[in-house]
Amino acid sequence: MTNLEKYNYAFTSNFKVSEEDLPGLKYQEIFEWDSVGHMDLIADIEAAYGIQMDTKDVLDLSSYVKGKDVLAKYGVNFDE
Amino acid sequence: MFFDRNEQFKNNTACICDDGSVYTYEQLWNLGDELIGKSDGRKLVLLQVSNDVESLAAYLAHLRAGNPVILMSRDADSSIVEGMKDTYHLSDDSAENIYPDLALLLSTSGSTGAQKLVRLSYENIQANCSSIVEYLGLTCDERPITTLPMEYTYGLSVLHSHLAVGATIILTNRTLFDSEFWNLVEKHEATSMAGVPYTYAMFDRLKLTTMNLPHLKTMTQAGGHLKPELQEKFAKWAAGTGRKFFVMYGQTEATARMSYIPPDRCLDKPGSIGIPVPGGRMEIVEDEIIYYGPNVSLGYATCREDLAKADENKGRLETGDMGYMDEEGYFYITGRKKRFIKLQGKRISLDQIQDVLSQEYPDRDIAVTGEDDKKIAVWIAGIEQADFESEVQKLFEGKWAIRSRMVSVKSIDKIPRNSSGKIIYKELV
């Protein structure tokens with residue numbers, strides 16, 4: 001899987017949403033993405049890229065779009 | 001009582017809200033009186049709440065006015081709220097057949113839709129509040145921040161016990177993964193936080209023990225068994241940084257809390273639920289933990305008529321938790337008498353789910369198994385798994401607000417049963 005596919009899969013598998021819903025997805029705006037869902041999402045993203053995220057970044061990953069910027073800091077390149 | 005107008009506290013700050021607005025106790029009382037309006041006699045009230053000043057003010061005003069309150073979440077599904085209104089005849093304005101000491105009605109199961117309520121008296125809530133104030137050593141200098149829903153007995157007990165001493169509550173609905181929550185902690189100098197095991201998993205995920213939180217002095221935990229490694233981690237952190245970490249045990253049936261581990265014993269008593277709260281007593285009868293105290297609820301209600309009932313428990317509660325006591329008088333839980341699990345903070349009856357599913361699929365033999373914070377397994381005899389999984393998951397989401405990924409459907413040839421027809425759950429693995 002490409003980095004983008006891994007990223008998308010973390011959302012679609014955890015929140016039962018389709019790829020076209022992803023760009024507008026925000027924390028707490030759908031039932032599945034509550035604090036419990038957030039724990040699972042972060043765990044899956046960390047496992048997918050083999051990273052450990054800092055507290056600030058765990059909090060900043062509050063939307064699908066923002067999450068890409070957060071992960072860029074960990075060297076995740078979505079063009080690959 | 002903690003909800004009465006107490007002149008001593010009238011100028012203390014009662015709460016600080018999300019938007020930065022601040023209310024003194026006197027303003028909180030006045031707001032509550034305004035919100036509930038003029039009383040034309042005692043009546044049953046259903047109040048949908050969240051962690052905001054209007055909820056708190058109205059709730060306290062109803063207690064002052066003598067109105068028994070059913071507390072529900074503001075986010076509760078409207079069909080569940082309507083069901084509750086029907087069951088308890090909310091349209092009936094007379095209090096003629098309501099027990100005089102009935103103060104509060106709380107659900108034991110969060111949002112699972114069960115309409116069974118625990119009946120609590122004024123004495124129950126005041127007694128538990130006083131013992132919490134005593135063992136936590138609360139003073140008016142405390143500033144807890146809300147981390148639990150107000151309609152949940154543990155969250156509510158945090159509010160009660162701090163109002164009783166004239167402390168300041170930082171009221172917010174923000175979650176731990178919202179950076180604004182941590183801004184509020186810092187800005188308003190929160191002194192304590194409460195959490196269920198899942199909250200502690202989140203604290204751990206957020207590396208709370210490495211955060212710079214100079215005002216945070218006390219952490220409390222209840223609502224289920226905390227993993228031993230997390231108990232140890234937070235206990236060590238607290239001991240090493242001059243903080244207090246309280247591991248506690250309680251049930252809605254005992255208003256909220258029944259026992260606690262004094263913080264200086266937290267590291268030597270891993271896995272324990274501690275010693276009884278002041279005013280309470282516990283003993284083991286046939287391996288079950290029995291609690292005695294003035295905070296033991298009056299009983300349950302499942303219909304309007306039950307609200308007339310007097311004190312059925314008479315200060316004695318069979319907790320349904322099996323356990324033992326060590327030589328120093330510390331109690332330990334070894335299992336549940338009935339099949340309940342905790343799923344991400346919610347208390348779920350596996351038997352109830354099994355009954356409902358069996359009604360949904362009358363032609364199928366079904367068994368439901370699960371463990372705390374693990375996927376619930378639905379065993380259905382003689383099916384192809386793929387036929388049912390998404391349908392069953394939808395039922396869980398609709399009926400109990402349990403996420404799809406917490407539910408798996410398993411196909412089995414035959415549900416194992418003993419000679420008397422009882423399901424042998426331990427064979428379902």
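The model is predicted: local features need pLDDT of at least 70, side-chain atom pairs count only at pLDDT 80 or more, and totals for chains, interfaces and linings use all residues. Residues are numbered from 1 along each chain as its sequence is written.

Start where the chains meet. Chain A gives 20 residues to the contact (heavy atoms within 4.5 Å) and chain B gives 20 residues. The size of an interface is often given as the accessible area lost when the parts come together. Here the buried area (the loss with a 1.4 Å probe, summed over both parts) is about 1,900 Å². Carbon and sulfur atoms give 55% of that area.

Four salt bridges (a side-chain nitrogen of Lys or Arg within 4 Å of a carboxyl oxygen of Asp or Glu) run between chain A and chain B. One salt bridge joins the side chains of Asp34(A) and Arg403(B), 2.0 Å from N to O.

Now the rings. A pair of aromatic rings is described by the distance of the centres and the angle of the planes. Rings of Phe, Tyr and Trp (its six-membered ring) pair if their centres lie within 6.5 Å; planes under 30 degrees apart count as stacked, over 60 as edge-to-face and the rest as tilted. Over all chains, the structure holds 25 aromatic pairs. Phe234(B) and Trp237(B) are edge-to-face, because their planes stand at 90°, with the centres 6.1 Å apart. Phe246(B) and Tyr260(B) make a tilted pair, 6.5 Å centre to centre and 45° between the planes.

Terms used: Chains lettered and ligands numbered in written order. Heavy atoms only, no water. Buried area = accessible area lost by both parts, 1.4 Å probe.
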